[in-house]
Amino acid sequence: MKLDAVAPAWLVAAALALPLLVLGSPLIEVDDARYAEVPRAMAASADWILPSLNAMPYVEKPPLWYWLGAASIKAFGVCEAAARLPMFLLSLLGAGGIFWLGSWMYSPSVGRCAALATATAGLWLFLCHNLTLDLPVSVFLLWTTALILRVLEKPADAAWAAPAAWLAAALAFLSKGLISVLFPALWTAVLIGLFPRWRRPAVKLLSPLGPLLAALICAPWLFAVQARQPDFFHTFFIEQHFQRYLTPKYSRGAPWWFYLAVLPGGLLPWTAPFLSGAAKAARRPFSDPRATALVLWVLGILVFFSASRSKLATYALPVLPHAALLASISIEGGLPKWSRNLCRAMGAILLLGAGIVALLYVRPPHQALAPLGADAALLGRLMALACALIACLGAAQVYAPSSRRPSFALGLGGVLAGLFMLAAVAAASPLISAKQLSLAVHDLARPEDEVWTYDSYLHGLQFYTGRPVDKMIYFIGEFHYARRDEANAGRFGDDDEVRALPRTGGRTFVAMKTARRAQFEAVPPKGSIASWREFGPWSLAEIRAR
């Protein structure tokens with residue numbers, strides 16, 4: 001059945017604008033708050049070379065995101081919207097990249113549908129709001145691959161497309177490191193091995209201008225940090241790349257099939273069309289090298305991360321725009337019967353899930369949820385939003401295969417589901433953000449007081465208070481690099497530090513998970529705790545001054 005892949009411009013614009021609705025919502029622990037705080041600290045210190053977290057060097061990742069965030073905070077002040085604005089702009093750059101690639105490689109209707117599918121894919125939309133480095137690197141890797149394909153398909157444009165591909169790869173490197181070189185290089189090598197007609201144009205990618213441009217962009221920061229931190233190269237390249245990939249050092253293990261579950265879920269509501277497009281390209285890999293190139297990009301990255309000892313769902317993000325383009329190509333060419341049936345089956349399962357959530361909603365929330373720190377009204381709102389989100393996805397999946405405009409049906413379902421998802425994230429802020437606790441510390445703590453954390457670290461504390469956490473009890477986490485420096489030894493501690501409270505000259509505010517309150521209460525001297533304040537899943541103890 002021939003289908004219409006045209007997506008209305010207003011629907012694409014609505015999808016792209018969704019993150020604006022929650023641009024200023026409270027920062028989420030952990031990553032969202034961390035990648036807002038590091039740029040805030042950079043803007044405050046005016047040190048654009050060495051990133052810092054909690055007033056200690058933080059050199060795990062490259063600086064491009066920190067530069068963008070710091071520039072935004074410099075321009076608009078310290079607030080959540082300023083911290084998130086560059087990520088929103090990057091998401092537009094990503095949608096523009098897949099639109100451009102799909103338009104010139106296939107047709108404008110395919111490009112527009114691919115932009116809509118990218119913007120409404122669940123994982124992509126969530127990471128337009130929740131700050132991580134995976135979206136910036138995904139955007140620049142998308143442009144790298146799009147420009148490489150431009151050189152291979154249209155060699156006459158290589159004079160500008162080849163240096164631009166190196167520029168995009170350099171920006172990807174400054175977003176997250178070596179994968180920006182590894183992924184495009186291996187992918188291009190496989191392509192020219194499979195398709196002889198691309199071998200001669202591929203030589204143009206090696207013209208000296210591109211590598212020189214990339215080196216001029218990346219090298220100055222690398223050597224500037226190495227000059228200030230003599231062990232930086234070892235930490236950045238060996239520990240943060242090779243050890244993270246090859247060893248379980250960072251405790252992010254998952255089964256080998258992890259991404260086989262993440263990708264279909266993260267791509268909803270476009271999963272069935274993607275599988276159809278990928279299957280068609282796999283059955284006849286040499287009939288359309290363009291589609292095969294997209295499939296190889298998706299498979300290569302999934303295989304790479306499936307073999308890693310460190311797995312996170314967000315690592316799958318670089319394949320989503322290419323998967324969205326495959327879905328759009330499949331819709332344009334006509335979904336096969338099995339794909340339409342799969343789409344309906346997924347929709348039926350989702351609608352069943354929405355029904356189950358609705359049944360739970362009409363009953364009082366289970367007491368097992370009480371430790372989350374939410375009252376019944378909040379849990380009820382979250383369940384209602386979850387029900388609406390799942391129902392929108394399910395209805396779109398059921399209706400789209402029978403529609404002459406499946407891209408419109410899936411896109412509308414994705415926009416509505418995204419609206420409910422972002423509303424749920426904003427509503428859940430008392431459970432997932434440390435903003436209220438941090439503002440309480442900001443109002444209560446005087447210059448002579450200290451702020452500690454116990455068995456955890458709240459990244460939002462420094463963003464909202466403007467002051468570092470003075471001591472972290474039983475927590476190293478992402479500070480393992482800073483912990484090596486003897487100058488920072490006093491910033492870390494154990495229960496012996498707590499037993500030595502109260503301090504002379506000021507109070508001590510200790511933030512922790514509420515679940516750790518009973519454990520903490522038994523440690524400091526009796527009568528030293530002046531008060532407790534609870535903020536959802538977090539608690540704040542005030543220790544008297546001596």
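Ala46 is found in the loop between helix H2 and strand E1 (52–53), helices (H or I, at least four residues) and strands (E, at least two) being DSSP runs numbered from the N terminus. The structure is a predicted model, in which local features need pLDDT of at least 70 and side-chain atom pairs count only at pLDDT 80 or more, whereas totals for chains, interfaces and linings use all residues. Residues are numbered from 1 along each chain as its sequence is written, and side-chain values use heavy atoms, with hydrogens and water left out.

The phi angle of Ala46 is near 60 degrees, a positive value in a residue other than glycine. With a relative accessible area of 48%, Ala46 is partly exposed; buried denotes under 20% relative accessible area, exposed over 50%, and partly exposed the range in between (1.4 Å probe, protein chains only). A positive phi, near 55 degrees, is also found at Asn54, again a residue other than glycine. Asn54 lies in the loop between E1 and strand E2 (56–57) and is buried, with a relative accessible area of 0%.

Cis peptide bonds occur in two further loops. One joins Glu29 and Val30, with omega about 20 degrees, and Val30 is found in the loop between helix H1 (9–17) and helix H2 (31–45). Another runs from Leu268 to Pro269, with omega near 10 degrees; Pro269 lies in the loop between helix H13 (258–267) and helix H14 (271–283).

In soluble globular proteins, nonpolar side chains tend to be buried together. A nonpolar core is here a set of buried Ala, Val, Leu, Ile, Met, Phe, Trp, Tyr and Cys residues joined through side-chain atoms within 4.5 Å. The largest such core holds 149 residues, of which Leu135, Leu149, Trp270, Phe274, Leu320, Leu325 and Leu437 touch the most other members. Helix H7 (residues 134–153) gives the most to this core, with 12 residues. Beyond its neighbours within four places in sequence, Leu149 is in contact (heavy atoms within 4.5 Å) with Leu101, Trp104, Met105, Lys154, Trp187, Leu191, Trp198 and Ala293. Another core, of 13 residues, lies apart from the largest one and includes Trp452, Ile473, Leu501 and Val510.

A search of the whole structure finds 31 aromatic pairs. Rings of Phe, Tyr and Trp (its six-membered ring) pair if their centres lie within 6.5 Å, with planes under 30 degrees apart counted as stacked, over 60 as edge-to-face and the rest as tilted. The ring centres of Phe183 and Phe305 are 5.7 Å apart and the planes stand at 90 degrees, so this pair is edge-to-face. Phe236 and Phe237 form another edge-to-face pair, at 5.0 Å centre to centre and 85 degrees between the planes; Phe236 counts as buried, at 0% relative accessibility. Ring pairs also link Phe183, Trp187, Tyr245, Phe258, Tyr259, Trp297, Phe304, Phe305 and Tyr315 into a cluster.

A charge sits over a ring if NZ of Lys or CZ of Arg is within 6 Å of the ring centre and within 35 degrees of the ring normal. Arg290 lies over the face of Tyr106, at 4.1 Å from the ring centre, and Lys471 over the face of Trp452, at 5.6 Å.

Two strands pair if DSSP finds at least two bridges between them. Strand E3 (residues 450–454) and strand E4 (residues 471–473) pair in the parallel sense over 3 bridges. An open sheet of 6 strands has the order E5-E4-E3-E6-E8-E7, with mixed pairing. Strand E5 (492–493) and strand E7 (529–535) stand at the edges with a single partner strand each, so one side of each is left without a neighbour in the sheet. E3 and E6 run parallel and are joined by 5 bridges, with Glu450 opposite Thr508 in E6. E6 and strand E8 (residues 538–543) pair in the antiparallel sense over 6 bridges, and Val510 stands opposite Ala541 in E8. Strand E6 (residues 508–513) is mostly covered, 5 of its 6 residues being buried.

The structure holds 0 disulfides, a disulfide being a pair of cysteine sulfur atoms within 2.5 Å. The sulfur of Cys79 is 18 Å from the closest cysteine sulfur, in Cys128, too far for a bond.
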